[in-house]
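Below is a short briefing on one structure. The sequence and the coordinates come first, and the notes follow, grouped by topic.

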Amino acid sequence: MKIKVAASIIASDFSCLEREIKKVEQAGIDILHIDIMDGHFVPNITIGPDVVRCISKITSLPLDVHLMIKKPERFIDDFIKAGSNMLTVHIETISVLGIRRQVSRLKPKGIRWGVSLNPATPLERIKPVLKYVDFVLVMSVNPGFSGQEFIPAVIPKIKKLRSIFEGDISVDGGINDKVAPRLIQAGANILASGSYIFSAKDTRLAIEKLKNMGR
Ligand code: DX5
Ligand code: ZN
C-alpha cells in the first residue's frame, strides 16, 4: 500500500516557519498537517485562519487542517478561504447531522473531509458519518500537544475501522519509525507525525523510513 506522510507543523520552530516548511517539503513530505487548537476542546492554543493563509502562499503541499476546536462550524468557511485542502472535525465537537450538512454544502469546493476521534472515543461514534467523509483521522494521543507517547490501544480500533471503511485512514500522535509498521499493518495509509520528523537529524531519511514501511 502506498503510504503518505503528513508533517505536523506544531512540532516545528514557529520562529522560522517558512524554513521549516521548505525543509520538510524538500525532504519528500506529502501533506502539511496543521493543528488548530482553541484552549477549550483541548488545553492548548495554536493558530487561526490568518496563519493558514500565509502558509498556503509559501507551499504547494496539500494543507490538512485538523480542527481541535469547539463548535467547528463557526470557522470552517474561514479555514477554507484560507486555503485548506483537507479539513478534519472531531466527532466530540459536532453532531452527525452537522457533519452531513457541512460536507454536502462544501463538497463542491473540492475539500477532502475527515472525521477524527480521540483515543477514548469508541469507533461506534463515527460509524454514521463514514459514508460522508473521505478519511478518518484516528488520534493516537490525547489531542493538545506534540511530543506525547503513542497509545497502542488504538491499534485494534484501526483494524476494525479498516474492515468497514475504504477511505484513507490517517493516524496522528506519537508516530515514529518504531510504531509505524504496526499502524500500516492495521490498515492505516497516512501517518501524521510532528516531533519525530522535525527533530530528526536527517529529515529525508526519517520520512523515507515511514514511507518504506508500506513496501
Ligand atoms: C496532537 C496533534 C498531533 C501531534 C503530532 O494534538 O493533533 O498532530 O501534535 O505531533 P507528535 O508526532 O509529536 O505527536
Ligand atoms: Zn493533528
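**Briefing on the predicted model**

The model is a predicted one.

**Helix H1**

- Helix H1 spans residues 17-26, and its buried residues are Leu17, Glu20, Ile21 and Val24.
- These residues lie on the same side of H1, because the arc they cover around the axis is only 95 degrees.
- Arg19 and Gln26, on the other side of H1, are exposed.
- The cover over the buried residues of H1 includes two strands, S1 (4-8) and S2 (31-37).
- Helices H2 (49-58), H7 (195-198) and H8 (203-212) are also included in that cover.

**Glutamate 20**

- Glutamate 20 is a residue of helix H1.
- With a relative accessible area of 10%, glutamate 20 counts as buried, because the cut-off for buried is under 20%.
- The side chain of glutamate 20 makes a polar contact of 3.2 Å with the side chain of lysine 23.
- Not counting residues up to four places away in sequence, glutamate 20 touches Ser12, Asp13 and Phe198.

**Nonpolar cores**

- In soluble globular proteins, nonpolar side chains tend to be buried together.
- The largest nonpolar core has 64 residues, of which Ile126 and Leu183 touch the most other members.
- Helix H6 (residues 180-186) supplies the largest share of this core, four residues.
- Leucine 183 is in contact with Phe150, Ile155, Ile158, Val171, Ile175, Ala188 and Leu191, leaving aside its neighbours within four places in sequence.

**Zinc site**

- Which residues coordinate the zinc ion (ligand 2)? They are His33 through NE2, Asp35 through OD, His66 through ND1 and Asp172 through OD, at 2.0 to 2.3 Å.
- The arrangement is octahedral because the six donor atoms around the zinc ion (ligand 2) subtend angles of 70 to 171 degrees.
- Along the chain, the donors of the zinc ion (ligand 2) have the spacing H-x1-D-x30-H-x105-D.
- Distant parts of the chain are linked by the pair of histidine 66, in strand S3 (residues 63-68), and aspartate 172, in strand S7 (residues 168-172), which are 106 residues apart.
- Both histidine 66 and aspartate 172 are buried.

Notes:
Residues numbered from 1 in each chain as written. Chains lettered and ligands numbered in written order. Predicted model: local features only at pLDDT ≥ 70, side-chain atom pairs only at ≥ 80, totals over all residues. Heavy atoms only, no water. Donors = N, O, S within 2.8 Å, 3.2 Å for Na, K, Ca; no water. Tetrahedral: all angles 85-135°; square planar, octahedral: opposite > 155°, others 65-115°. Buried < 20%, exposed > 50% of the residue type's maximum accessible area, 1.4 Å probe, protein only. Arc of directions from axis to C-beta. Contact = heavy atoms within 4.5 Å. Core = buried A, V, L, I, M, F, W, Y, C linked by side-chain atoms within 4.5 Å. Polar contact = N/O pair within 3.5 Å; in protein donor to acceptor, adjacent residues only side chain to side chain.
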